Amino acid sequence: MPVRPPTLLARPLVMGVVNVTPDSFSDGGRWADAERAVAHGLSLIADGADVLDIGGESTRPGATRPLLAEELDRVVPVITELSGAGVPISVDTMRAEVAEAAVAAGATIVNDVSGGLADPRILEVAAAADATYVAMHWRAHSDRMTAFATYPGGVVADVVDELRVRRDAALAAGVAPDRLVLDPGLGFAKDAGHNWELLAHLDAFDELGQRLLVGASRKTFLGHLLAGPDGLRPVDQREHGTTALSVLLADAGVWCLRVHDVRAARDALAVWSAWRRAAAPAGGDA
Ligand code: PMM
């Protein structure tokens, strides 16, 4: 199966992030949060997002998990409304129950940062719904994942090996090969050096035969790279670094970019595509 965009005209899809979590939105009741989330999602679509990733659990390092009912309450109304408006939806969840409710509400992608490890039944849910399933590399929940950032075989080889196991589990549960997407999981039980090594060796994932999704947007390793005398570059000032990465990820053949600033990603991809078209042999687009 081709894991690179098949033609010169293809660009990676852009997945806009909508985190319906208390730390992403200021205070207010549940509906106020949902209303803001929907409005934010629609603005990302207007900016050119191909799909929205709706999440109700913060996975930042150290985060504790919401209750199942809380997660359902956060994401289902937002998915129902956006999907009713015709927006393609991905649900960012590790829970089978949430994935089930999300696909019933209209989601067509199940984005599972645990790759089926947190709740193995999620694989059957994705398979039964014929949803696209994103299996990310993951080792432990966010409150303790930093203790798992060791890769004796080298981070690239170890992550490829562990994702192969997740791929096989998803296929065994009935996820169709052309519905399965893999993700190296930047920042999840990985330090900055690990992330850079993975980014520089994305071709090592070709052997797994699946499309790749990468979420690099605003992550801490960019904060380290761009740190100044006052310390880490704040999260809202990592956009230029993220945009540079979007171009490099497109060049590396990544299928989908998960980003917060959709307009910046689409602009970067427009530049990348124009360059490639201009460089293509006359008449050819393959
Ligand atoms: N990163 C976050 C959340 N969900 N999903 C996938 N597939 N890949 C990622 O890298 C990923 C993800 C954490 O980032 P956020 O806090 O900005 O949402």
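Helices (H or I, at least four residues) and strands (E, at least two) are DSSP runs, numbered from the N terminus. This is a predicted model, in which local features need pLDDT of at least 70, side-chain atom pairs count only at pLDDT 80 or more, and totals for chains, interfaces and linings use all residues. Residues are numbered from 1 along each chain as its sequence is written, and side-chain values use heavy atoms, with hydrogens and water left out. Eight strands close into a barrel in the order 1-2-3-4-5-6-7-8, with parallel pairing. From one strand to the next, the twist averages 25 degrees, where axes are lines fitted to C-alpha atoms, for helices over the stretch in contact, and angles run from 0 to 180 degrees between N-to-C directions.

**Strand 5 and its neighbours**

- Strands of a sheet pair through backbone hydrogen bonds, either parallel or antiparallel; two strands count as paired if DSSP finds at least two bridges between them.
- Strand 4 (residues 109-112) pairs with strand 5 in the parallel sense over four bridges, and Asn111 has Val134 of strand 5 as its bridge partner.
- A right-handed β-α-β crossover leads from strand 4 through helix 4 (residues 121-129) to strand 5; right-handed means that, with the strands pointing away from the viewer, the path from the first strand over the helix to the second runs clockwise.
- Strand 5 also pairs with strand 6 in the parallel sense, over four bridges.
- Between these two strands, Val134 has Val181 of strand 6 as its bridge partner, and Met136 stands opposite Asp183 in strand 6.
- Strand 5, helix 5 (residues 155-172) and strand 6 form a right-handed β-α-β unit.

**Burial of strand 5**

- Residues are buried under 20% relative accessible area, exposed over 50%, and partly exposed in between (1.4 Å probe, protein chains only).
- Strand 5 (residues 132-136) is largely enclosed by the rest of the structure, because five of its five residues are buried.
- Both faces of strand 5 are covered, with Thr132, Val134 and Met136 buried on one side and Tyr133 and Ala135 buried on the other.

**Aromatic rings**

- Because Trp196 lies in helix 6 (residues 192-200) and Phe221 in helix 7 (residues 220-225), the pair ties together parts that are 25 residues apart in sequence.
- Trp196 is partly exposed, at 33% relative accessibility, whereas Phe221 is buried, at 3%.
- Arg211 lies over the face of Trp255, 4.4 Å from the ring centre; a charge sits over a ring if NZ of Lys or CZ of Arg is within 6 Å of the ring centre and within 35 degrees of the ring normal.

**Positive phi in loops**

- Ala189 is a residue other than glycine with a positive phi, near 55 degrees.
- Ala189 is placed in the loop between strand 6 (180-183) and helix 6, and is buried at 1% relative accessibility.
- Arg218, which is not a glycine, has a positive phi of about 60 degrees.
- The loop between strand 7 (211-214) and helix 7 holds Arg218, which is partly exposed at 27% relative accessibility.
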